[in-house]
Amino acid sequence: MPHASPPDGSTALVLSGGGARAAYQVGVLQAIAGLRAACGHGHGGAPFDIFSGTSAGAINAAALASGADHFDHAVRRIARAWAHVHAQQVYHADSLHVIQRGAHWLTLLSLGWALARWRRVHPHSLLNNAPLAQLLEKLVPLQRVPHLIRAGHLRALAVTASSYNSGLHVAFFDAGDAQEPWVHSLRKSARGPITHAHLLASSAIPLVFPATALPIDGHTEYFGDGSMRETSPLAPAIHLGARRLLVVGTSRAYEPPPAVPVGTQQPYPSLAKVAGHALSNIFLDALAVDVNQVQHINQALALLTPEQRSRSPMHPLELLVFVPSRSLDEEAARHVCDLPRSMRVLLSALGVPVNRPGDSDGALASYLLFERAYTRRLMALGRSDALARRDEICAFFGWHDRGDPLRLVQYSTLSGT
């Protein structure tokens, strides 16, 4: 990954996509904030100066960047939101909206394009995420970002989205005037203030949520989830000057496949299983590939002499990567019954056995399960996974671990927000 060495050792937080699975990231951040306090580094500004996110990870990254001068408060703010979330806060989950949109989709699937053409049925998406726009207005004070950059609390914020019109993957970023945009094959960057529309675009799961119109290069294009066509999730942070990257994924790529008894005849996959598999490919594969690529480059650079490294256009990157230690699909399968009845009916029509929690394939539901019983389980897992690597976190940030007990930044301690 060739880049000229940045002027300093900036530290970036990179958060991947994954819909409701992004609650896991918040648990990791709670543990990091608690560990920082236990190491005697107090409160105040963030231990990161670059924030980069995709899809739901873009929302988390933007919320943290908006509070970069009070990191613990920003973590508590998003933890409270994820710990009390309901599907109705993210998409219209009432029966009327779900039936209207779901019926359109099922009509197209069952009766084909001819009826759709006759009736001019052109649904934009399976679900309407208008409630998410209202939630973002309250949760993410993006108007603070330019001020925080000027005040030196923040170096840059980047969120990614994919254009349905040009086919390009775009990293929208806000940074100091010295930061130059970049262009690569099938991906580019665009400077400008980050808005809530950028977050809606970045988190617009394909087919599930509608595309968002964004201005770019003097015209308007429609954008969807930033995980689509994302070949290098780490690239925006690196281009913005990061030398050290803490990455939090929600990847199924690291989860072991389910055990299948020898001789078992597997049933034909339901639409829900196919959709979950497709979303997993969109959201999760690129991060694992990109991390492996950086690790290989680091190994190659370690073989060079100091003089050879000084002449190289590449530089080593320090990585600390967190991914769930347990299957989020299995957790989602146990919580499908927590979804509103209208959503359970829709998922049932797609082949999810919603009346038998734990028996269904939870891949599709794991992205849509914006319900607090599920998100709190993911947050707890994130905290547990991070605390199990306490020594690595301290080494990454250069903190001296005094062995003090942690006072985790919990959502329950936040009042008046």
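Biologist: By class, how many residues in the lining of the second largest pocket are nonpolar, polar and charged?

Modeller: The lining has 13 nonpolar, seven polar and three charged residues. Ala, Val, Leu, Ile, Met, Phe, Trp, Tyr, Cys and Pro count as nonpolar, Asp, Glu, Lys and Arg as charged, and the others, Gly among them, as polar. This is a predicted model, where local features need pLDDT of at least 70 and side-chain atom pairs count only at pLDDT 80 or more, while totals for chains, interfaces and linings use all residues. Residues are numbered from 1 along each chain as its sequence is written, and side-chain values use heavy atoms, with hydrogens and water left out.

Biologist: Which residues lie nearest the centre of that pocket?

Modeller: A81, V85, Q89, L135 and L139, out of 23 lining residues. A pocket here is an open set of points on a 1 Å grid over the protein atoms alone, where a 1.4 Å probe fits, with protein on both sides within 12 Å along at least five of seven lines; lining residues have an atom within 4 Å of a point.

Biologist: And how much space lies in it?

Modeller: About 530 Å³. That volume is the space filled by probe spheres set on the points, with grid points joined across faces, edges and corners.

Biologist: Which element gives the largest share of the lining?

Modeller: α5, with six residues. Helices α2 (56-65), α3 (71-83) and α5 (130-139) each supply at least two. Helices (H or I, at least four residues) and strands (E, at least two) are DSSP runs, numbered from the N terminus.

Biologist: Backbone next. What is the phi of S55?

Modeller: Positive, about 60 degrees, although S55 is not a glycine. S55 is in the loop between β2 (50-54) and α2. L186, also not a glycine, has a positive phi near 65 degrees, and L186 lies in the loop between β5 (183-184) and β6 (187-191).

Biologist: Is S55 buried or exposed?

Modeller: Buried, because its relative accessible area is 1%. Buried means under 20%, exposed over 50%, partly exposed in between (1.4 Å probe, protein chains only).

Biologist: What is H198 in contact with?

Modeller: V159, F172, P193 and L214, leaving aside neighbours within four places in sequence. Contact means heavy atoms within 4.5 Å. H198 is in helix α7 (residues 196-202) and counts as buried because its relative accessibility is 8%.

Biologist: What is the mean pLDDT of the chain?

Modeller: 84, and 82% of residues reach 70 or more. pLDDT is the predictor's confidence in each residue, from 0 to 100. It stays under 50 over residues 412-417.
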